[in-house]
Amino acid sequence: MEMPVVDAAVVARKPALVAALQQVLPQDAVIVETAELRAYECDALTAYRCPPLVAVLPRTTTEVSAVLRICHAMGVPVVPRGSGTSLAGGALPTGDCVILGVARMNAVLETDYANRFIRVQAGRTNLSVTGAVESDGFFYAPDPSSQLACAIAGNIAMNSGGAHCLKYGVTTNNLLGVTLVQMDGTVLEIGGPYLDAPGLDLLGVICGSEGQLGVVTEAWLRILPKPEGARPVLIGFDSNEVAGACVSDIIKAGVLPVAIEFMDRPCIEATEAFAKAGYPMCEALLIVEVEGARAEIDAQLGLITAIARRHNPVEIREAADEDEARRIWLGRKSAFGAMGQISDYICLDGTIPVSSLPYVLRRIGEMSAQYGLGVANVFHAGDGNMHPLILFDANKPGDLELCEAFGADVLKLCVEVGGCLTGEHGVGVEKRDLMKVQFTSEDMEAQLWVKDVFDPGWLLNPAKVFPLDVTAERRAG
Amino acid sequence: MRPDTEQELAEALRGAAGSLRIVGGGTRAIGRVPPGDVLETGALAGISLYEPGALTMIAAAGTPLAEIKAALASDTQRVAFEPPDMRRLLGREGVATIGGVVAANASGPRRIQVGACRDHILGLRFVDGMGRVIRNGGRVMKNVTGYDLVKLLCGSHGSLGVLSEISFKVLPAPETQASLCLHGLDEAQAVAAMAAALGSPYEVTGAAHGVIGTGFASVTRLRLEGFSPSVAYRLRELARLLAPFGEAELEEDASLSRLKWQEMRDVTAFADHPFVARLSIKPSDFAGLYFDAANLFFARPPLRRGFDVMLDWGGGLVWVAATARQLAENAQVAPDRGVEPELHGAKLLFEYLQSFCAVECGHATLLKAPPGLAARVQPFQPESAGIAALTRGLRAKFDPRGILNQGVMG
């Protein structure tokens, strides 16, 4: 992975930088010791590591603004960091950067049930947003798998999704407003506790901009009343194609489940060995979840299972109670952990049109044979967001590179069939060099204009999202 | 100018000698009328892809909305964000296009449940002010590859680029719908009732309040959609929940319910009012609108209220309208002999609405006004200096010559 050459002049100014930061932050908020900086050398894309020059952990918007003003004046790049759970290397430092971590900014600022929003500091974890409102019957809808750890700041940066976004949408659909600190320290409120901000939809472009346009310190989030109940059904099939056709038929029938999850045989076998959820051994498995009152759930599941029966399922297992529902989800939720037990893997995140599912799965199988690397597929089938896990051996020289080449081929295939490189993880450094596969230089240029406007000095997370050669001139200033 | 293809559109923009006014179907443009030659997108038409199983459609920007709806209806699907038909309200003719809907980010009552237009647009092709063809997003539901310019363009009223193709998400049309009506609530009670309904698990897809006819009887209307048994169940539960607000009338006739919601969506009740503005606010802030108006602005008799209102989105969207008489009477609050009373009253009212929104955190947009008002006020809520600077910067990048719908958003 190519990263920009470390700016020696910036590194040389470290003492002055540290002194300036210590002027505006409490002592415990400025981290300079090499050993302590190790904690910030990578995020969840652990294959790449680089300790930052300094890390700061501000507690307020004012402190964030002060930090950015200093870095702006001194020409120091800043990499914002939520909880460091990015799978795309969104928070990967460079050796000449300041890591700006918002983890200490985790307060709930306002809860308003009548108007159905919550305002939080952006370092608050995703699950604890729901935690703050669930005793009153509300929840925050986007639910990335890392929701126990991941921060709202990172969710906004990556426009994170989750298993239930078929019904509830992703972060951008549940975000009402933000407090954004610009690189020069300017604090802006964009959007707020009302719908559809006036003027250009800046909120829409900030969400998903991977920390390149500003640092989000606070957010207004939409909260929703909890459904009366939810229940999954598990359906096994003897081929991927049939499972794909069943997904399409369910959607066409007018039922809109909250989630349709898909697992293939390698994934079923691995999770079964690990989590012992009691899944049937078959080629493909769907978990379909619906919500509502008991009678509504019965009616919807009746319709879904009737559709499934037309596709000759190997097994249909409706959850009769909470415990069975938990067991149905158990395997799916432990899929990534289970795969990690048997092998090193990289997790892809391309999205494809649902209609291309059988073709893409077949092609991935063929590539797997070509590359000699195993693949397990587990993904959100309702919206075509795939997560092929490519297995490799980190101790075997050349295997990671081989695995990455395979991954790149899969993502190119996603683009080829009309999809995209990343559905919910973000580009980061991981898919940065593949952007040219999806976008023409004009398409990319238009995106770069937005960064030019928000961050003219190109100091915020500058080595991410776009291929380095495309941004070289801009980063050079 | 009426280009037939995206390429012709790009050439037209590259070769443009001066300002251009971008027109889709000409049914919903608001704000100041931009100067320059008209560039029509109506010839860029046709649905190029429809995959019911993937809930996606791709259409050229000038495709009539009616054609899209008809195609979707054949597979019992729909454009879920319910774009309003503004022709009655704004006194326009013409054929609404999908491009116009996107340029205005036009969303109807269902916005509270399924999101706005901007939440349903998956991808765009557009031509910027220099004639450069740009593509962003795609045709899949989940896509975080690069920056989301789709949102930036959606609701930009033709000021950043001319849309050529739109890919969007569609949803299944529900089997049936029904409404629950509460009668005689004042606005504060209505906002509370709607908040209770929207805070319930019964999946309310419309929550509106208004006065119908010339009497004073108000109706607060809540919509439920889905499979029949489910709608029937939720209707009963909702009635039980809202019992403290009075006895509910259950409108189980789907076609009647549909008709009523269409009227709400299109704001036809205000079609004869010469002044109409829309406010987006926090629902609970509504009470202040009358309070401030009564105490600070419209204190004088004879009118207790210098305007009529209807609430949608559970009170988050406030339609404010005034009759010619109300406008003339408002003008007497701070008379200006040099100006037509109706126009002057409209100016005072609109400035009041924007100042209210500036204080309460929200925004007021002018939709319809006596001739001359748009030039005297800022039809879109003025932005803070920091946001205005970003907006200016973005326009300078996408339209460096400043030729696209110049000044339309103020």
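So, domain 1 and domain 2 of chain A: their C-alpha centres sit 23 Å apart. Keep in mind that this is a predicted model. Between those two domains, 16 residues of domain 1 of chain A are in contact with 22 residues of domain 2 of chain A. What gives the largest share on the domain 1 side? That's helix 4 of chain A, residues 61-74, which puts in seven residues. If you sort the domain 1 side by class, you get seven nonpolar residues, eight polar ones and one charged.

For orientation, here's how chain A is divided: domain 1 covers 8-103, domain 2 covers 111-225, domain 3 covers 230-336, and domain 4 covers 343-416.

Okay, chain A overall. We've got 18 helices and 18 strands in there. The radius of gyration comes out at 23 Å, close to the 23 Å that the globule rule gives for 477 residues, so chain A is as compact as a globular protein of that length. Along the principal axes, the C-alpha trace of chain A spans about 70 × 55 × 40 Å. Of the 477 residues in chain A, 58% are buried. And if you take the contacts in chain A with a separation of 6 or more, 72% of them are between residues 24 or more positions apart.

Now let's look at a sheet in chain A. This one is open, with seven strands, and the order reads 15-12-14-13-17-18-16, with antiparallel pairing. Which strands are at the edges? Strand 15, that's 315-318, and strand 16, 344-347, both of chain A, and each pairs on one side only. On average, neighbouring strands of this sheet are turned by 15° against each other, ignoring direction.

Inside that sheet, have a look at strand 12, residues 230-237, and strand 14, residues 284-291, of chain A: they pair in the antiparallel sense over eight bridges. If you want a landmark there, find Ile235(A), which stands opposite Leu286(A) in strand 14 of chain A.

Two helices to point out on this sheet. Helix 10 of chain A, residues 265-275, packs on it and touches strand 13 (259-264), strand 14 and strand 17 (375-380) of chain A. The direction of helix 10 makes about 95° with that of strand 17 of chain A. Then helix 12 of chain A, residues 322-333, also packs on the sheet, touching strand 12, strand 13, strand 14 and strand 15 of chain A. Helix 12 makes about 60° with the direction of strand 12 of chain A.

On to where the chains meet. The contact takes 74 residues from chain A and 68 residues from chain B. On the chain A side, the elements giving two or more residues include strand 9 (187-191), helix 9 (240-252) and helix 11 (294-309) of chain A. The largest share, nine residues, is from helix 17 of chain A. By class, the chain A side divides into 36 nonpolar, 26 polar and twelve charged residues.

Last stop, chain B. Here five strands form an open antiparallel sheet, in the order 3-4-8-6-7. Strand 3 (47-51) and strand 7 (133-137) of chain B each have a single partner strand, so one side of each is left without a neighbour in the sheet. The twist averages 15° from one strand to the next. Strand 6 (residues 121-128) and strand 8 (residues 161-169) of chain B run antiparallel, joined by seven bridges, and Asp128(B) has Gly161(B) as its bridge partner in strand 8 of chain B. Finally, helix 1 of chain B, residues 6-14, lies across strand 6, strand 7 and strand 8 of chain B, at about 45° to strand 6 of chain B.

Notes: Residues are numbered from 1 along each chain as its sequence is written. Chains are lettered from A and ligands numbered from 1 in the order in which they are written. This is a predicted model: local features need pLDDT of at least 70, side-chain atom pairs count only at pLDDT 80 or more; totals for chains, interfaces and linings use all residues. Domain bounds come from an automatic or database domain assignment. Two residues are in contact if their C-beta atoms, placed from the backbone, lie within 7 Å. Helices (H or I, at least four residues) and strands (E, at least two) are DSSP runs, numbered from the N terminus. Ala, Val, Leu, Ile, Met, Phe, Trp, Tyr, Cys and Pro count as nonpolar, Asp, Glu, Lys and Arg as charged, and the others, Gly among them, as polar. Two strands pair if DSSP finds at least two bridges between them. Axes are lines fitted to C-alpha atoms, for helices over the stretch in contact, and angles run from 0 to 180 degrees between N-to-C directions. The radius of gyration is taken over C-alpha atoms; the globule rule is 2.2 Å times the number of residues to the power 0.38. A residue is buried if 20 or more other C-beta atoms lie within 10 Å of its own, exposed if 12 or fewer, and partly exposed in between; C-beta atoms are placed from the backbone.
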